[in-house]
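My notes follow the structure.

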Amino acid sequence: MSVILYGIAAIIVTMLGIGFYVARKVKGDSVNYIVAGRGLILPLAAATLMAQSLDSNATLGNTDLVASFGFWAGAALPVGLALCLFLTGLFFAKPMNRMNLTTLPDFYRRKYGRTAEVLASIIMSIAYAFLLAGNLVAGGFLFEIFVGTSFQVGVFLIAALVLAYTVAGGLFSVAYTDFLQAGVAFVGSIALIVFVTTQYGITIPEGMGPTNVGQLTDPSQGAYINLATIVALGLGDIVAIDFMERVFAADSPETARKACFIGATGTLIIGVPFSVVALSANPILASLGVEAGNQAVLYALLQNAVPPWLGALVIAGILAASFSTSDGAILGTSAVIARNIGNIRVDESTAVATDGGSDDDLLDTESDRLLTVTRLMSIPITLLGIFFAIRVSATGMLLVLAFDIMLAGAFVPLVLGLYWSEMANTPAALASMVGGSATRLILFVLVPTTYAYENTLLYIENDIFTASFDGLPTFIAAAVSLVAFVVVAYATKDSYGVRELDPDGRRTVVASGENDDE
């Protein structure tokens with residue numbers, strides 16, 4: 001335990017040291033703070049994308065789910081996240097980087113107007129409170145088990161530590177600490193699977209291995225939940241404010257694209273070994289006469305079945321992962337609230353225009369104000385994450401729920417705004433966001449479980465929706481969002497104009513007949 005404690009202390013001190021050291025790069029500029037001056041080179045961009053996907057939900061939640069329900073229940077997390085990065089690199093990284101955006105809701109403003117921007121911002125902020133909570137949960141349990149604090153104190157401690165260097169250095173601090181986290185996680189993941197394989201062998205309980213496709217085809221084996229997890233992460237994470245923030249921060253469209261592909265590969269290389277190890281976790285613990293009980297199975301394994309140095313390395317990786325996604329969630333959400341809800345505009349190199357005119361409120365004169373408000377907003381966002389972490393202490397479920405919300409409310413308007421631009425108008429986007437989000441919320445409160453976890457947050461007891469319905473709300477809400485967009489787009493195509501983006505996406509001209517709500 002002393003070795004593990006030293007490892008925890010070392011990673012905390014190192015992360016804080018790096019975070020505060022690179023904070024000087026901000027230089028009082030909000031663009032430096034939010035998107036690292038749009039200058040991330042390929043190694044940093046790739047590492048920070050990979051680190052953001054390999055959070056403690058996708059490691060700790062991954063192993064818990066595999067040990068309880070089978071390989072695909074947990075592996076769906078890194079597979080879905082890798083799929084997201086691959087699709088982002090294939091279809092979104094280049095055009096989104098070229099737009100010179102500062103936050104993701106900026107796109108909704110340029111394409112659909114102010115109302116859509118605010119609505120998208122609210123959806124994303126709610127989703128990211130859940131994402132932040134999931135990482136704080138993992139950190140809280142880690143402090144409880146290995147440091148001796150209570151779970152609640154652990155949550156507050158990790159939140160305070162992450163908040164400190166995020167407020168100081170923004171995306172510069174986040175990116176450089178992510179580079180460290182990706183390296184530690186890579187070494188720890190590979191070392192863990194090599195040790196377990198050579199020391200204990202890989203034991204796959206019957207019906208729980210990767211070749212059991214029933215986990216993806218048979219509802220009685222959790223197929224709905226596993227497929228919903230892959231879809232929610234693979235598609236919903238495309239509209240992730242922290243992922244896209246890194247895409248915007250890359251120094252070129254090609255760097256953004258390559259970084260996504262490298263991040264996708266790294267996510268699988270690091271994430272899948274945790275799933276494989278988890279298959280053997282319960283047999284290994286049983287052979288040692290250890291019961292995990294309510295403790296995370298990976299923590300039990302690291303405490304009892306591996307050498308202290310390896311336990312310290314893996315735990316350092318998990319803690320760093322918790323830091324890396326928490327800081328991104330805090331930064332991204334705070335920037336969205338300040339810029340897109342608070343309407344503080346900075347660094348839009350080309351303004352939204354009507355008939356060629358410019359929008360007077362888009363002058364690069366409020367950088368200090370945006371920087372200050374973004375930093376201030378990080379405090380209530382962190383407190384909200386702490387509240388959800390203590391209220392719903394389930395890592396994997398919180399991760400998927402976050403992007404389930406994004407898939408239901410924000411995915412369709414982004415995709416069709418880019419690739420069906422001639423029909424994508426404001427009424428269609430608003431109908432899609434409201435319809436998808438409302439459907440997901442209604443089904444959330446009516447279904448007793450969410451991704452196999454009991455819904456302890458907000459459940460209305462009823463006899464219509466049972467636990468067997470779990471997983472389907474992901475597909476239903478996304479379908480409602482898509483149908484609403486298409487139907488309203490066709491219904492209003494003659495009466496409501498379309499905001500056309502120019503080829504590089506940097507300028508919007510409001511077509512005649514549209515009511516400009518800028």
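**Entry: α14.** I am working with a predicted model. I started with helix α14, residues 308-341, which has 34 residues. I checked its span from first C-alpha to last and got 48 Å, close to the 50 Å expected at 1.5 Å a residue. Next I looked at burial. I found 30 of the 34 residues of α14 buried, so the helix is largely enclosed by the rest of the structure. I also looked at what comes after it. α14 is followed by Asn-343, whose phi is positive, near 65 degrees.

**Entry: α7 with α17.** I then took helix α7 (residues 114-147) and helix α17 (residues 426-446). Their axes lie 10 Å apart, and the packing angle is about 25 degrees. Angles under 35 degrees count as roughly parallel, so α7 is roughly parallel to α17. I noted the crossing of the two as left-handed. For the contact, I listed Thr-115, Ala-116, Leu-119, Ala-120 and Ile-123 on the α7 side. They meet Leu-430, Met-433, Val-434 and Ser-437 in α17. By class, I have 7 nonpolar and 2 polar residues in this contact, and no charged ones.

**Entry: Ser-378.** Where does Ser-378 lie? I placed it in helix α15, residues 367-391. Is Ser-378 buried or exposed? Its relative accessible area is 2%. The cut-off for buried is under 20%, so Ser-378 is buried. Leaving out residues up to four places away in sequence, I found that Ser-378 touches Leu-163, Val-167, Ile-330 and Ser-334.

Methods: Residues numbered from 1 in each chain as written. Predicted model: local features only at pLDDT ≥ 70, side-chain atom pairs only at ≥ 80, totals over all residues. Heavy atoms only, no water. Helix = DSSP H or I, 4+ residues; strand = E, 2+ residues; numbered from the N terminus. Expected span 1.5 Å × (residues − 1). Buried < 20%, exposed > 50% of the residue type's maximum accessible area, 1.4 Å probe, protein only. Axes fitted to C-alpha atoms, helices over the stretch in contact; angles between N-to-C directions. Parallel < 35°, antiparallel > 145°, perpendicular 65-115°, else oblique. Left-handed = near helix turned anticlockwise from the far one by under 90°. Contact = heavy atoms within 4.5 Å. Nonpolar A, V, L, I, M, F, W, Y, C, P; charged D, E, K, R; others polar.
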